[in-house]
Structure formats: C-alpha cells, structure tokens
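Here is a walk through one structure and the surroundings of its ligands. Follow along in the model as you read.

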Amino acid sequence: MKPDLFEAPDYYNMDDLLSEEHKLVRDAARQWVKRDVSPIIEDFAQKAEFPTQILSGLAEIGAFGPYIPEEYGGAGLDQISYGLIMQEIERGDSGVRSTASVQSSLVMYPIFAYGSEEQKQKYLPKLATGEMMGCFGLTEPDHGSNPSGMVTNFKDMGDHYLLNGAKLWISNSPFADIAVVWAKNEAGRIHGLIVERGMEGFSTPETHNKWSLRASATGELIFDNVKVPKENLLPGKNGLGAPLGCLDSARYGIAWGAIGAAMDCYDTALRYAKERVQFGRPIAATQLQQKKLAEMITEITKAQLLALRLGQLKNEGKATSAQISMAKRNNVEMAINIAREARQVLGGMGITGEYSIMRHMMNLESVITYEGTHDIHLLITGADITGMAAFK
Ligand code: TGC
Ligand code: FAD
C-alpha cells in the first residue's frame, strides 16, 4: 500500500467548534492510525485476518470505553471525543472501528448501564485495557432486522441458567473472551447474559469468505446446553429496549466513523487527481473530476455538521434514537457513495490494494447493513415522523 499521506479535510473550520481536549484525543488517534494501522491493514485485509497486534494500541488511544467513567477503567471522555476516535479509526479501516465499537458500545456499555456493581468491577477494567475482549450476540440466523423474534433461550435450573440457541454474524466472536448474549427466558422476556469462553457447550466458529470487513473477525455463537452462572445475568434492564439501547450508542459511533472512511477516500482521490496527467493536464483540472470532488467535500461537510450536532445532543442526554438512526443512515450512504466515486477518479489504480478506496468501499457494504440496515433506519425515521411503524 502507498504511504499514508492523509490530510483531513475541514472545509467549514469544524476545528473551531472542538475543545482542546477533543483535538488532543482526535490527533492522538490520527497519529496512531498513521503509524500502526495504515502500514499493515491492507495486508491483513488481503489475508482476511484480524490484526491482533493493534489491540493494545486501541486501548492506549482510549478506544475501549471512551465515555465509560475512569473509575471503571474507561477514558471518561464526552460523546464528541468518542465520535472523533471512531472517525479516526474508521479512516484507517471499518473493521478496526468495528472491534472498538463492539468492545465499547456493545460490551462495556451494557455491563456499565445494566450490570451489577460486581459485574462492572469484574469486567470493565479488563475490557478497557484489551486484556479481555468481548462480542455482542443479538442477530440470529432467522432474526436479523427483527430481533424481537429471537429463539435463543434460557431456563432457570435453580442454581444456574441453561442457555440454548445460536447467533450469527457476530463481530469479534472468534477471539472474544466474553459474549454479551441476548436471550429469552421462559416467559419470553429478553435478557442479557455474560457468557465466558470455556463454558461447556459454548463455541464460536468463524465465518469465512467475506468480501467485506476482511480485516475483522466475524463468527457465530453456538449455545448447546451452556450452564451460565446466575450472577452473569445483567440485572439492570430487560426487554428489547435493552439491546436497542446499546445499538443507539454503537450507531452514533458509526455516524462518525463513516465520515472517516469518506475523508480518506476524498483525500486520496483529490491527491491522485492533482498528480495524474491525461491529455496533457492533471485530471483535477477537468470539470467532470471537479464535480465529483466538489460534491464529495460538500457531503462530507454536511455529515460532519450532522455528527457534531448529534454529539452535542448526546452530551446533553437529549439525542433520540430516531435522530441517531438518521445520522447513521445518512453518513454511511454518504461514505459509500463517495467511495464509489473516488474509486473511479483513480481509474484502474482504484481497484488495487495500492490505495485504500476499494477496501473502504467493500467494508462499507457491511456498515450499511449492520447495526440496522439502511432500510430499517429509513423506517425508523418514517415511524418517528408519522407515528406509524411500517416494520410489520
Ligand atoms: P419496538 O416495538 O419498536 O421496540 C421494542 C422496545 O424497544 C424500545 N426501543 C428502543 N430502546 C432503546 N433504543 C432504541 N433505539 C429503541 N428502539 C425501540 C421501544 O421503546 C420498546 O420499548 P418497550 O418498553 O415499549 O418494550 O420493536 P420492534 O420489534 O418493532 O423493532 C423495531 C426495530 C425494527 C426498529 C428494531 O428491531 C431494530 O432496530 N432492528 C434492527 C436490528 C439491528 O440493528 N441489529 C443490530 C445487531 S448488532 C450489530 O449489527 C453489530 S455490528 C457491530 C460492528 O461490527 O460494528
Ligand atoms: P434481514 O433482516 O434478513 O434483511 C434482508 C433485507 O430485507 C434487508 O435489505 C432489509 O433492509 C430488508 N428488510 C427487513 N425487514 C424489512 C421490513 N420490515 N421492511 C422492508 N425491508 C425489510 N449482529 C450482532 O448481533 N452482533 C454483531 O457483532 C454483528 N456484526 C456483524 C458484522 C457483519 C460483518 C455483518 C454483515 C453483520 C453483523 N451483524 C451483527 C448482523 C447485522 O446486524 C444484520 O446483518 C442486520 O441487522 C440485518 O439482518 P439480516 O442480515 O438478517 O438481514
């Protein structure tokens, strides 16, 4: 892969709206991605392997639990800092951002928000340092967009719970030490359970042959009469709203992360267009390529403003789930469109691993599907503005 020459676009002087802390956190993540992610990521994506050596670096830049209080090992940062970290990591690769999103919003957040004090003390500090890695099991083979239909279930056996079922498409599952698993009790109510690797009957086969998120490990969670200790049930919240509350946090992070992928594609295409000469002049001097580049920076700027305002609302505890859906949907579509346009600016070179664009483009096909598909987020907006849910 070519050297990482990334220069972040800031067309509307967004930096003026950030605090010194935001910029310090963002710049630390940016430097780390340049130094430790960019040089290796293409190779790992080509091999379809997750680069485990980056886990300690992710922990050091505060990517594991950025907004979890310091007393539990988190970085104690605000929501805008969390978003900026996700933006910088996804500028490197969506799969690396996935690992950080899952660890922070889908594993640490439910333990922090719904866990007992003992669970918080036991798991959060180790998750923050990356000593322990987690995954989140909601999706099932027959229940993706409709998780309320899940069939994974547990029975109360007196001194433990007996868990049965299967989860599919689970990021980090092949190497995770623990899984936050959503399952129904005998009354059909959804609860979260912490399942630990090594429990008898629990396995995590890897999903192969992905053309997207190749540098991220994806797999299944299989529960065959797994005995789960009673103290591993998350006591603080149950019902579908519990996992969906975690998704709010992860979807918010993706709304920022997608901007990172888009910025990388734009920056790469702009540099290439200025250097590539055809018909005796740089292709950047042609109207057609300028149209592409001008539209890209316009869309990135709009997405940056959307994410920043959402971050302010989140900091004030006012962001609604529907506002988060709108930002996730808009910003991921913006990024995938920019990746497709940017790839064309590079002509044939755009399809090679010499540049990051094709990898971003393929990754974004997962990002537009997970954490609620593009369609589902549109339907969430539709339900919010009309008061009529069209899901079912
Ligand atoms: P519905 O009747 O609308 O709601 C059930 C209960 O949940 C509450 N609720 C929420 N609570 C918190 N946050 C949200 N975003 C919420 N949305 C709804 C709601 O108030 C209700 O509460 P209560 O107390 O009245 O019971 O539920 P529904 O069955 O009609 O479904 C609604 C729908 C379709 C929007 C929802 O199921 C959905 O979002 N589906 C998409 C599924 C999804 O996003 N899965 C993601 C799996 S995890 C993942 O992809 C990780 S990728 C990680 C990575 O690598 O980065
Ligand atoms: P389906 O729900 O079967 O949808 C198929 C199509 O039908 C989609 O286009 C959808 O928009 C459309 N559709 C569905 N319902 C409606 C409707 N009511 N109206 C109109 N159209 C509809 N899940 C986890 O729990 N944890 C993870 O860590 C995780 N990581 C993932 C990593 C990757 C790489 C991928 C690809 C997925 C991951 N997922 C994870 C699963 C992801 O959340 C689901 O794939 C997603 O929610 C969609 O579910 P599905 O794939 O079953 O599609």
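Strand 3 (160-171) and helix 10 (374-386) each supply at least two residues of the shell around ligand 2. Strands (E, at least two residues) and helices (H or I, at least four) are DSSP runs, numbered from the N terminus. Strand 3 contributes the largest share of that shell, 3 residues.

Some ground rules come next. This is a predicted model, in which local features need pLDDT of at least 70 and side-chain atom pairs count only at pLDDT 80 or more, while totals for chains, interfaces and linings use all residues. Residues are numbered from 1 along each chain as its sequence is written, chains are lettered from A and ligands numbered from 1 in the order in which they are written, and side-chain values use heavy atoms, with hydrogens and water left out.

Stay with ligand 2. It is surrounded by 17 residues, where a residue is near a molecule if one of its heavy atoms lies within 4 Å of it. The closest are Thr139, Ser145, Trp169, Thr373 and Asp375. By class, the shell divides into 8 nonpolar, 7 polar and 2 charged residues. Here Ala, Val, Leu, Ile, Met, Phe, Trp, Tyr, Cys and Pro count as nonpolar, Asp, Glu, Lys and Arg as charged, and the others, Gly among them, as polar.

Which residues make polar contacts with nitrogen atoms of ligand 2? The side chain of Thr139 places an N or O atom 2.7 Å from a ligand nitrogen. A polar contact is a pair of N or O atoms within 3.5 Å. Taken alone, ligand 2 exposes 980 Å², and the protein buries 68% of that. These areas come from the Shrake-Rupley method with a 1.4 Å probe.

Now turn to ligand 1. Its shell has 27 residues, with Ser98, Ser171, Asp248, Arg251 and Lys392 the closest. Helix 4 (94-114) and helix 6 (241-275) each supply at least two of the shell residues. Helix 6 gives the most, with 6 residues. The shell holds 11 nonpolar, 11 polar and 5 charged residues.

Side chains reach this ligand too. An N or O atom of Arg251 is 2.7 Å from an oxygen atom of ligand 1. For Ser171, the distance from a side-chain N or O atom to a ligand oxygen is 2.8 Å. Ser321 has a polar side-chain atom 3.1 Å from a nitrogen atom of ligand 1. Ligand 1 exposes 1100 Å² when taken alone, and the protein buries 71% of that.

Gly347 follows helix 8, with a positive phi near 55°. Helix 7 (residues 287-315) has 29 residues and reaches 42 Å from its first C-alpha to its last, close to the 42 Å expected. Just after helix 7, Gly317 takes a positive phi of about 70°.

Conventions: Polar contact = N/O pair within 3.5 Å; in protein donor to acceptor, adjacent residues only side chain to side chain. Expected span 1.5 Å × (residues − 1).
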